[in-house]
Amino acid sequence: MSSQERKSYRLSRRQFLVASSAAALAACAPAAAPSPSPTAAAATATAAATATPGKALKIGQLLPFTKVYAELGNSMKRATDLYLKQKGGKLANRPVTVVYEDEANDPAVGAQKTQKFIEQDQVDFMMGIVATPIAYAIRNAVDTAKMVFIETNAGGNSLTRDVPNCTPACKSKYIFRSSFSSWQISNPIGTYFATKKGVKEAFTFVADYGFGTESAADFTNAFTAAGGKVTGTLKAPLGSADFLPFVTQLKNQPTKDIYSFFSGTDAINYIKAWNQLGMPAAGYKMNGAGFLTEQDVLKEVKELANGAVTSLFWAVTLDNAENKAFTDAYQKEYNLLPDVFAVQAWDGMQAVDLALQATKGDTANKDAFIAALEGVKFKSPRGDFEFDKVTHNVIQDMYIREVKVQGGAAVNTIVDKIARVTDPGKPTT
Amino acid sequence: MSPEVVVQQALNGISFGALLFILAAGLSLIFGMMDVVNLAHGGFYMLGAYVALTVVQRTGQFWLALVIAPLVVGALGLLIEPLLLRRLRGRHLDQVLLTIGVSLVIGDLIGLVAGREIHSIPFPAGLDRSIAIMGGDYPLYRIFVIGFGVLLAAVFALVHRRSQAGALIRAGVDDAAMLSALGVDIDRLFAITFGVGAALAAIAGVIAAPVFGVFPGMDVDALIYSLIVVVVGGLGTLSGAIAGGALVGTADTFGKVLFPQFALALIFAIVAFVLLLRPTGLLGRVRIAR
Amino acid sequence: MKRPAAIAALSILGAAALVTFPLWSSGWESSRYATTILRDMLVLAILALSLDLLVGSAGLPSLGHAAFFGAGAYAAAIAAQRLGSDDLLLGFAAAIVVSALLALVIGLFAVRAAGIFFLMLTLAFAQMVFALAFQAVDLTGGSNGLANVHRPMLFGLDFNGPEALFELVASVFVLVLLLLWRVRASTYGRALVGLRENERRMRALGYDTTRLKLSAFVLAGALAGVGGALSGWSLRFVSTNDVGIGRSIEAFVSVLIGGTGSLVGPAVGAVVVLFVERVLPSSIPFAETVLGVLFIVFVAAARQGIVGLARAAYARVRAP
């Protein structure tokens, strides 16, 4: 299904000529407009057989399939494909074609593919984008084109906020976010630490780029506001492959509770260096935003992450019916445990599905479609899901998770829950 | 920084430098011997790491991986030199384009075959502990890396000084054309050199995998680091690669913790600074022919 | 006498066809997107052309040319935002001044080196510029990028629409081609080629080769800055990728596969590289492999790049 979908784009004039002359040679095609792909043609045919023939629905998914975030893109694609498979390839009785494009972790590529979705594919709406700079880069383009866009990963705070001069970005009527804002995964855990966990002092150690800086600031604001004290901070420059020097610094300062923001390979290297220097035995505690110990990291570091406390809006162990159904289906389909990126994409699909049902499949009336998305409420694998009507960022519960070794496997166990975490919607100081 | 911390960070710097030396050794060899800037070095490094990952996943044997990966990648190097590189002798820009091409193909095919998940290789059993050194714990694996770097340098130096292969290498670095005129099978020598260089890249991939990880894009990071090391140290000389590794490793380590906001620029500033003072690198020899 | 006239006529016709592409392609189903793609190709082509002044003409292989491209992009965008003016000339002026100055500073150091050392020095300086752009969050937006880049105006002419912007990019591309053509035909251009062929002889002939190289470096940097300004206006965004090594390599390989030292070669190379990198992945998941194989094949088959290949084919056709 996937490769066919990726191939299905609107034909250029030249391709049209080639295709139509080939068709003429085969002497079997009527002179009607060519179908973009066999899948869509077949789907349209089946749809036509039913009582109300739904118009084909086209979704543009902009995800990384190459470079460092490729696996995040793959994971989100898996969830999208699975969702559509479960729905028989239709949303609100409209046969769905997904056009996948690779953003290659480059804003220039992302901007260009967005133009492709808008101008050539003329998709009904857009989803995806892993890296915050790319989301910021296309913000104005989708806003101007009145293209509804469901952000399914990038957490940069500004995307769903009122920001002076809209710099680096600001909320848009057309942009929804089914993932998180960095405030949501960093601020509540700050309050939690100072109040419920009784932590007096913390030290922050984050990746030195936009996301890490935001996370450290949001944590620090909440932690100090609740009476805690941040005793120092350390930033790892981009591409710091060797984490030993940083962990050496951490070990040679007295504050035991470390708050970190790292993800992916950085998180793996950090956790390994942490253990090599015997930080747990020396009484240091690893904490952070949830990506520090997400599935992609945990499967590599395993019990080395034992005891790490993080906050995120989901965990594979989360005990609810929706999560069980989702996890089982995903595992059955792909023989893989889902990760949080899959959940973000899955919920994005659920949200548009419900909104489409509310508008009876209509996406042409943008205001109605947006209103429908604003009204969406459902039980997600992460718990209750709805969009903030003001900011279009997701309102969700935040879980405090602790890595524990259970039955020989390291898992994020749920320790506590902070209900209905809502992004403030404007810059905090 | 207290004296203990300075000592610990110095150790970190030395072990990182040793890793960089191992990483850059193959690149330096190929450049010194063949006058080829091998931009596929990162690709060989990445392939070595992925071969190691496969071996470790199947057998759990790190040491087996350390043997198999260089054999596989070395064989690839032995093939690439006569098939693609040989006809480009002396054509530097074409070599650059070709090796970028090889690197792209290797990186992309790895992604298509092995997937694009991020991985890490566990530290080999026995080396996953720390030992007490000068008032602090120090990871055994890092000491192993330092030892391996020293060993590699020693082997190099021995081969270089004592054996016939070393004589050929020294002669090749000085004047490959003359060597050929003297009846040495220069084609064979170059193929072997390229194979050994590729195998060294693979060894670096295996040694670095437990520390840096195994992931898409690792080839570019490794290539840039190794280019820096050989250029700072002096192209094509063993002592240069050692000096480059030690300087860059230590400077990068202290730079990161002391001036984190300048760390990104720091090692490149060192490159520029060294090249301005000594246009052929710290211990580079002047090459007359270009 | 007839051939040059025919070539001139064809060139003018080609330039006119290029600039008016959005008009005559407007009937196409995917005209708008084709315009976007072609626009981005031309921007990369400008960068590649400017780089070829160093690689092809003067024999200076720079692997850090994106530094000037990015500097131009940031300069045009920041100048417009800080001064509150969307004037096209202001944007270009800012881009040219900043990138030329940067090239002068870097060039003072870099042109003393040659070969692989020049390549590494330019890479090193470019990475420092990248680090600067990454860290100077207040100025450049850092890793988040610089958003809200306004498209420029000139004497009431608004380049905000995709067609108008394309025409701007295409016109500048033609002007850059024209300029480079003039440079190559001049004594100065021939002196640059002399540098590549035999620097010592040039020195013996009394040329100040360092100054010659430096002037080429600054000119190439300024032109790259112009390309950068156009990139910022095209995407309405400047990211650290625009000063990164990826962009430098894109330009470098464009020059090499197009054919060094030929006027249209780098432009053709840019078109091919961008097609494989940006358009092909929509249809196949292994575009990077295709690009790599393309490089390998071109090195093996086409010594003078695509343009050299075309020339050889033309010669063969005319030979009998």
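Strand S1 (residues 57-63) and strand S4 (residues 125-128) of chain A pair in the parallel sense over four bridges; strands count as paired if DSSP finds at least two bridges between them. The model is predicted: local features require pLDDT of at least 70 and side-chain atom pairs pLDDT 80 or more, whereas totals for chains, interfaces and linings use all residues. Residues are numbered from 1 along each chain as its sequence is written, and chains are lettered from A and ligands numbered from 1 in the order in which they are written.

**Sheet of chain A**
- Gly128(A), in S4(A), is the bridge partner of Leu62(A).
- The two strands belong to an open sheet of six strands with mixed pairing, ordered S2-S3-S1-S4-S5-S6.
- Strand S2 (90-91) and strand S6 (175-177) of chain A form the edges, each pairing on one side only.
- Helices (H or I, at least four residues) and strands (E, at least two) are DSSP runs, numbered from the N terminus.

**Chain B as a whole**
- Chain B has eleven helices and two strands, in the sequence pattern α-α-α-α-β-β-α-α-α-α-α-α-α.
- The radius of gyration of chain B is 19 Å, which agrees with the value near 19 Å for a compact globule of 290 residues; this radius is taken over C-alpha atoms, and the globule rule is 2.2 Å times the number of residues to the power 0.38.
- Of the 290 residues in chain B, 59% are buried (20 or more other C-beta atoms, placed from the backbone, within 10 Å of the residue's own).

**Helix H3 of chain B**
- H3(B) (residues 62-85) has 24 residues and reaches 32 Å from its first C-alpha to its last, close to the expected 34 Å (1.5 Å times one less than its number of residues).
- Its buried residues include Phe62(B), Leu66(B), Val73(B), Ile80(B) and Glu81(B).
- Helix H2 (41-59), helix H4 (92-114) and helix H8 (186-212) of chain B are among the elements covering them.

**Contact of chains B and C**
- Each chain contributes to the contact, with 31 residues from chain B and 31 residues from chain C; residues are in contact if their C-beta atoms, placed from the backbone, lie within 7 Å.
- On the side of chain B that touches chain C, H4(B) supplies the largest share, 14 residues.

**Confidence**
- The predictor gives the complex an ipTM of 0.93 and a pTM of 0.91.
- Chain C averages a pLDDT of 90, and 98% of its residues score at least 70; pLDDT is the predictor's confidence in each residue, from 0 to 100.
- Among the elements of chain C, helix H15 (residues 305-318) has the lowest mean pLDDT (77) and helix H4 (residues 66-83) the highest (96).

Terms used: A residue is buried if 20 or more other C-beta atoms lie within 10 Å of its own, exposed if 12 or fewer, and partly exposed in between; C-beta atoms are placed from the backbone. Two residues are in contact if their C-beta atoms, placed from the backbone, lie within 7 Å.
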